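Here is a short note for a colleague who is opening this entry for the first time. Please keep the sequence and the 3D view side by side while reading.

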Amino acid sequence: MDIANVFRDFSADETLPENYDFAATDHLIASIQEQGSEAFYRLGDQVADFTLTTADGETVTLYGLLAEYKAVLLNFWFAGCAPCRYEFPYLQNAYEEMGDEVAILAVTPYDDDETIRQYKNALGLSIRSEERR
C-alpha cells in the first residue's frame, strides 16, 4: 500500500477545505518513505520507554502510563493533517468509553503548545494527554 495514496484519497472527501495545503502531509510522507520499513514496530516488538511533555506542561512516560493503565493507544498527528482531523472524534469516543482503562496519547512532532490547545478546543477534545515531543 502506498502511504501517499492513503493521505491523498482524503482530498476527495468533502470535509476537506478547498484550499487544503498538502505541504505538511507531503513532508510526513517523505519522512516515512525515507526511513523505510525498519522505522516500524511489528506485533510482539517491545517499545522503548519515552518521555513526553503535554501542552499543559505535564511530563509522562510510556512505562509510567502502562503501570497505571491496561493499555496505551499512541496516535501520531499534526494540525495540517486532514485524516488526523477526521479520526479525532473516534479517539474522543474511545477516550470517553475506555479512559479509565486506556491512556490515549496523541503525539505531534510538528505543532507548538498553543496550536495543540487551539486544535483541542476547536474539535472539543478532552483527551487527557495531547502530547508533543
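The points below go from the whole chain to single residues.

1. **Basis.** This is a predicted model, in which local features need pLDDT of at least 70, side-chain atom pairs count only at pLDDT 80 or more, and totals for chains, interfaces and linings use all residues. Residues are numbered from 1 along each chain as its sequence is written, and side-chain values use heavy atoms, with hydrogens and water left out.

2. **Overall layout.** The protein chain has 5 helices and 5 strands. Helices (H or I, at least four residues) and strands (E, at least two) are DSSP runs, numbered from the N terminus. Read from the N terminus, the order is α-α-β-β-α-β-α-β-α-β.

3. **Burial and surface.** Of the 133 residues in the protein chain, 33% are buried. Buried means under 20% relative accessible area, exposed over 50%, and partly exposed in between (1.4 Å probe, protein chains only). The accessible surface of the protein chain is about 8500 Å², and carbon and sulfur atoms hold 50% of that. Accessible areas come from the Shrake-Rupley method with a 1.4 Å probe; for residues, only the protein chains shown count as cover.

4. **Contacts along the chain.** Contact means heavy atoms within 4.5 Å. Among contacts in the protein chain with a separation of 6 or more, 66% are between residues 24 or more positions apart.

5. **The disulfide.** Which cysteines are joined by a disulfide? They are Cys 81 and Cys 84, at 2.3 Å from S to S. A disulfide is a pair of cysteine sulfur atoms within 2.5 Å, and the count by this rule is 1. The torsion about the S-S bond is about 80°, so the disulfide of Cys 81 and Cys 84 is right-handed. Both cysteines, Cys 81 and Cys 84, are buried. Leaving out residues up to four places away in sequence, Cys 84 touches Phe 76, Trp 77, Phe 78 and Tyr 119.

6. **Aromatic pairs.** There are 5 aromatic pairs in the structure. Rings of Phe, Tyr and Trp (its six-membered ring) pair if their centres lie within 6.5 Å; planes under 30 degrees apart count as stacked, over 60 as edge-to-face and the rest as tilted. Trp 77 and Phe 88 make an edge-to-face pair, with 5.3 Å centre to centre and 90° between the planes. This pair links distant parts of the chain. Trp 77 sits in the loop between strand 3 (71-76) and helix 4 (82-98), while Phe 88 is in helix 4, 11 residues apart. Trp 77 and Phe 88 are both buried. Tyr 86 and Tyr 90 form a tilted pair, 6.0 Å centre to centre with 55° between the planes. Why are Tyr 86 and Tyr 90 separated by about one helical turn? Because they are 4 residues apart in helix 4. Tyr 86 is partly exposed at 41% relative accessibility; Tyr 90 is exposed, at 54%. Ring pairs also join Trp 77, Phe 88 and Tyr 119 into a cluster.

7. **Nonpolar cores.** A nonpolar core is a set of buried Ala, Val, Leu, Ile, Met, Phe, Trp, Tyr and Cys residues joined through side-chain atoms within 4.5 Å. The largest has 15 residues, and Trp 77, Cys 84, Phe 88, Ile 104, Tyr 119 and Ile 127 touch the most other members. Helix 4, strand 4 and helix 5 are the elements that give two or more residues to this core. Helix 4 supplies the largest share, 4 residues. A second, separate core of 9 residues includes Leu 52, Leu 62, Ala 103 and Val 107.

8. **Asp 111.** Is Asp 111 buried or exposed? Asp 111 is buried, with a relative accessible area of 12%. Asp 111 lies in the loop between strand 4 (102-108) and helix 5 (113-123). A polar atom of the Asp 111 side chain is 2.7 Å from the backbone nitrogen of Ala 79.

9. **Phe 78.** Phe 78 is in the loop between strand 3 and helix 4. Phe 78 is buried, at 3% relative accessibility.

How values were computed
A polar contact is a pair of N or O atoms within 3.5 Å; within protein, one must be able to donate a hydrogen and the other to accept it, and residues adjacent in sequence count only if both atoms are side-chain atoms.
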